[in-house]
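Dear colleague,

I am passing on the structure below, and my notes on it follow directly after. Please read them alongside the coordinates.

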Amino acid sequence: MRKNPTDLLKYVMGLDLFGYIHSLEQTRNKLLTRVEILKASSLLLEVEDGRNCEAPSLFFMEEGNRFVRMHDVVRDVAKTIASKDPHHRFAVKEDVRLQEWEKRDDTFFKEMKEVGVLSLFRIDLTQLPSSLHFFSNLRTLCLHRCRTFKDITILGEPKKLQILSLVDCEILVFPKEIMQLTDLRMLNLMDSTILDPRNVKSSLSRLEYLCMRISFDPWESGGVDGGRRNGWLSELKHLSCLRALQLQILRSGLPSEDVSFENLTRYDISIGYRPCQYGETKTSRRLKLYKIKGPDMVKCFSKLLKTTEVLALDRLGDTKHFVYELDCDGFLQLKYLYISRSDVMQYIMNTMEMEWVDPPHSAFPLLEELRLAFLLNLEAEPVAARSQVALPELESLHLNPMDNVRTVWDNQDPVASVAKGLVQLKVLEIFDCGVEEIVANENGLEEVPIFLFPRLTSLKLTKLDQLKRFYRDKYTLGCPLLKTLVVCNCDEVELLLQEKSLEGEVDKQPLFLIEKV
């Protein structure tokens, strides 16, 4: 038996195990502490390859949403002890199918008044039994992959409900009776087909976490009854307790107003479609936007742009200068930046046209991964070696088809240095670009520059038809941890490696000059 941390959170809330704690965030922190204690005592074991069919929960992104499991022996002992408790005489079996539930009498749940958690998985019912209202102490209700449900009106009955999870259900109408759940803290509607009436969500004043995927146009005004779907996103701004928002909107486009949420500490917002994930699995603040315009993005998400850790932009329109037009102050919390198929974009950062504060600061002080792909009009170097655009934490750089890019780094700053600015770099991959040399200038203090990449483990240069050299003048290159070197389809490269001691003795120009060890 194994469980992910999200399930444990639902059970803890439903059973009111931490009665003196009321918020989801506080319960999460307490739960993690208890789990670590149990793991240290070997009463719980970590599952390294645990996977969850649901979307990962924002509450446990930092911990990687890892499963934990209980050893069979420990579980059997716990069940034996529980069976002897005169107040809790329940025998629990996992993965037992309920047969002919709909034929049962409505008193099926009548004697279960103390049930705090009810979880149903793949139950073939068109509606929940009316006897559910006997669950007067129900705090957590999970209905997962119950795809035959049509009517969930009865869900308005358990007034103490705090966790409602409807995952992968085909419920056409989100009933107004849900408005009665005034103590609801978590609402998970991921992968469920739901249309909701006006003001349902805004009435859930204590809601802290909302997770859902929608296919209709959320920016339209009007209600379902009037033939137009409700512009419900503006309702969410009134949820003062909302701290975590996990939202997938399948249609592209943005509203004409600022929809930033003042109190959000965790968010995963995807508009248009969900781009692939790379290495950002342990981040809890994400924006992934498809086919939208830069000015609209700034207007709608001005506050979130300053706090997001992941920013993925595909087919970004009306933006030539990324930093200058989107946030001149820089992206101070950003760790992962992905930009693709944005034909208008010419610069990630054009330092010649920008005004800087004194002393200058990096626009990307925490950036760990940068992926640029199919930016066909991108000019100059994608990463400059200036103090304003230094990338002190960059670990991974990926450049894909960009014909206009002639070099990766061009240092015009007499103070800054490529070598000193990229000490964390582990992966460098360049594919199908117009790159002629990796470094164009290095105007540092050394007469013979030293390019030391102390953490670089993988260097891949593929289909670079114009590539001739790493650097045009004398230099020293050090990559002590390099494990993977790929140079493929680089037609202008005549000599891959040459020892510095033999420099000048061979007519051909080498791609790399190396020291003899």
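Helices (H or I, at least four residues) and strands (E, at least two) are taken here as DSSP runs, numbered from the N terminus. This is a predicted model, in which local features need pLDDT of at least 70 and side-chain atom pairs count only at pLDDT 80 or more, while totals for chains, interfaces and linings use all residues. Residues are numbered from 1 along each chain as its sequence is written, and side-chain values use heavy atoms, with hydrogens and water left out.

Leucine 17 sits in the loop that joins helix 1 and helix 2, and with a relative accessible area of 52% it is exposed (exposed means over 50%, buried under 20%, and partly exposed in between, with a 1.4 Å probe and protein chains only). Its C-alpha atom is separated by 9.8 Å from that of leucine 31, which is 14 residues away along the chain.

Contact (heavy atoms within 4.5 Å) is made by Pro5, Leu8, Leu9, Val12 and Met13 of helix 1 and by Leu24, Thr27, Arg28, Leu31 and Val35 of helix 2.

Glutamate 208 belongs to the loop between strand 7 (186-189) and strand 8 (209-214), and at 10% relative accessibility it counts as buried. Beyond its neighbours within four places in sequence, glutamate 208 is in contact with residues including His22, Leu24, Arg185 and Arg243.

Two further loop residues deserve a look for their backbone. Aspartate 168, in the loop between strand 6 (163-167) and strand 7, has a phi near 60 degrees, a positive value in a residue other than glycine, and at 18% relative accessibility it counts as buried. Aspartate 432, in the loop between strand 17 (427-431) and strand 18 (437-442), likewise is not a glycine and has a positive phi of about 55 degrees. For context, most residues other than glycine have a negative phi.
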